[in-house]
Amino acid sequence: MIQKTAAIVVPDLGDGIVSVQVALWLKKEGERVAAEEDVVEVVTDKASFYVPSPSAGILKRIVVAAGEEAPIGAVLGELE
Amino acid sequence: MVVSGGLIDYARALERQRALVEDVIAGGPDTLFLCEHPAVITLGRRSHEAHLLRPRKDLAAQGVSVISVDRGGDVTLHAPGQMVIYPVVNLKRRGWGLGEYLRKLEQLGVDLLKGFGILATGDDGRRGVWVGKEKVASIGIGVRRWVTYHGMAVNVNNDLGLFRLIRPCGLDVQMTSLGRILGKPVDMAEVRRRIEQQFKDFMMGSSI
């Protein structure tokens, strides 16, 4: 069986915002995630933003850990 | 839609906001939730415990609770006489980015003060609403499924002495209020009416 993977990326948050900090992963590696379910919370200086899962699957790998910075478009984690 | 919460406990108001967020995610109308809170210090996601300037047990003894919440921004304080503005807005539906929304929120504060004859400014770097070097309103928001919650707190008649308990937003700033600038207490109902009107005109167009 071919395993399909999907990336959880930092969404384009609009003008002026170039990077975020990962605040909290709401799921652990190996945990099942529903499509559109909040999976990771990222923050800018004045906003907290829950990133929804792009599809249903299992959180295979956390790429950017809590506390680390990531630019817009960066892959935060991988689903399988 | 406008919801007036009156004086409402912070945790209960947050529950209320979460329910409103669910309604808006499900396609409901954008909603403005206005209220005041009994004295409470909240820590945002980027708050530093060091910005609490008193031990938690001393704060508790003074009747000031401390709550960690899922919003951006550093430590802040709410108290009766401060107007708390929680817009629950679907950004995707409006085509607004986060930065654009934060600026609109700030502008709402600037316009509110202008209505009282006070010249205030926003600040792209520090955010919030400022009169000279003093801060009148603080901003910190949360976003779920592109729907906003938390928002902006405008000091109107609240006891500014309470801000000595914290380092507001992690900055060494002097806080001020409408009441202090005008030299007299300001009618909260009037403030509420003006914010509701501004929200309809400026933030919402005709779709609220």
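## Pairing between the chains

Tyr50(A) has Arg144(B), in strand 9 of chain B, as its bridge partner. Strands here are DSSP runs of E with at least two residues, helices are runs of H or I with at least four residues, and both are numbered from the N terminus. The model is a predicted one, in which local features need pLDDT of at least 70 and side-chain atom pairs count only at pLDDT 80 or more, while totals for chains, interfaces and linings use all residues. Residues are numbered from 1 along each chain as its sequence is written, and chains are lettered from A and ligands numbered from 1 in the order in which they are written.

A further bridge to strand 9 of chain B links Ser48(A) with Gly142(B). Strand 5 of chain A and strand 9 of chain B (residues 134-144) pair in the parallel sense, over four bridges. Two strands are said to pair if DSSP finds at least two bridges between them.

## The interface

In the contact between the chains, 17 residues of chain A meet 20 residues of chain B; two residues are in contact if their C-beta atoms, placed from the backbone, lie within 7 Å. On the side of chain A that touches chain B, the elements giving two or more residues are strand 4 (38-43) and strand 5 (47-52) of chain A. Strand 5 of chain A gives the most to this side, with five residues.

By class, the side of chain A that touches chain B holds eight nonpolar, four polar and five charged residues. In this scheme Ala, Val, Leu, Ile, Met, Phe, Trp, Tyr, Cys and Pro count as nonpolar, Asp, Glu, Lys and Arg as charged, and the others, Gly among them, as polar.

## The hairpin of chain A

Strand 5 of chain A also has a partner within its own chain. Strand 4 and strand 5 of chain A form a hairpin with three residues between them, and their pairing is antiparallel, over five bridges. Within it, Val42(A) stands opposite Phe49(A) of strand 5.

Five of the six residues of strand 5 of chain A are buried, so this strand is largely enclosed by the rest of the structure. A residue is buried if 20 or more other C-beta atoms lie within 10 Å of its own, exposed if 12 or fewer do, and partly exposed in between, with C-beta atoms placed from the backbone.

Chain A contains an open sheet of four strands in the order 1-8-6-3, with antiparallel pairing. Strand 1 (6-9) and strand 3 (32-33) of chain A stand at its edges, each with a single partner strand, so one side of each is left without a neighbour in the sheet. Strand 3 of chain A is joined to strand 6 (residues 57-62) of chain A by two antiparallel bridges, and Val33(A) has Gly57(A) as its bridge partner in strand 6.

Chain B has an open sheet of three strands in the order 4-3-5, with mixed pairing. Its edges are strand 4 (65-68) and strand 5 (76-78) of chain B, and because each has a single partner strand, one side of each lacks a neighbour in the sheet. Strand 3 (residues 40-43) and strand 5 of chain B run antiparallel and are joined by three bridges; Thr42(B) is paired with Thr76(B) of strand 5.

## Buried residues of chain B

Trp96(B) lies in the loop between helix 3 (91-94) and helix 4 (98-115) of chain B. Trp96(B) counts as buried, with 20 C-beta neighbours inside 10 Å. Leaving aside neighbours within four places in sequence, Trp96(B) is in contact with Gly14(A), Leu91(B) and Tyr101(B).

His37(B) is placed in the loop between strand 2 (31-36) and strand 3 of chain B and is buried, with 23 other C-beta atoms within 10 Å. Not counting residues up to four places away in sequence, His37(B) touches Ile8(B), Tyr10(B), Ala13(B), His78(B) and Val84(B). The C-alpha atoms of His37(B) and Gly5(B) are separated by 9.5 Å, although the two are 32 residues apart along the chain.

## Positive phi values

Trp146(B), in the loop between strand 9 and strand 10 (147-155) of chain B, has a phi near 70 degrees, a positive value in a residue other than glycine. Trp146(B) is buried, with 20 C-beta neighbours inside 10 Å. His150(B) belongs to strand 10 of chain B, and its phi, near 50 degrees, is likewise a positive value in a residue other than glycine. His150(B) is buried, with 27 other C-beta atoms within 10 Å.
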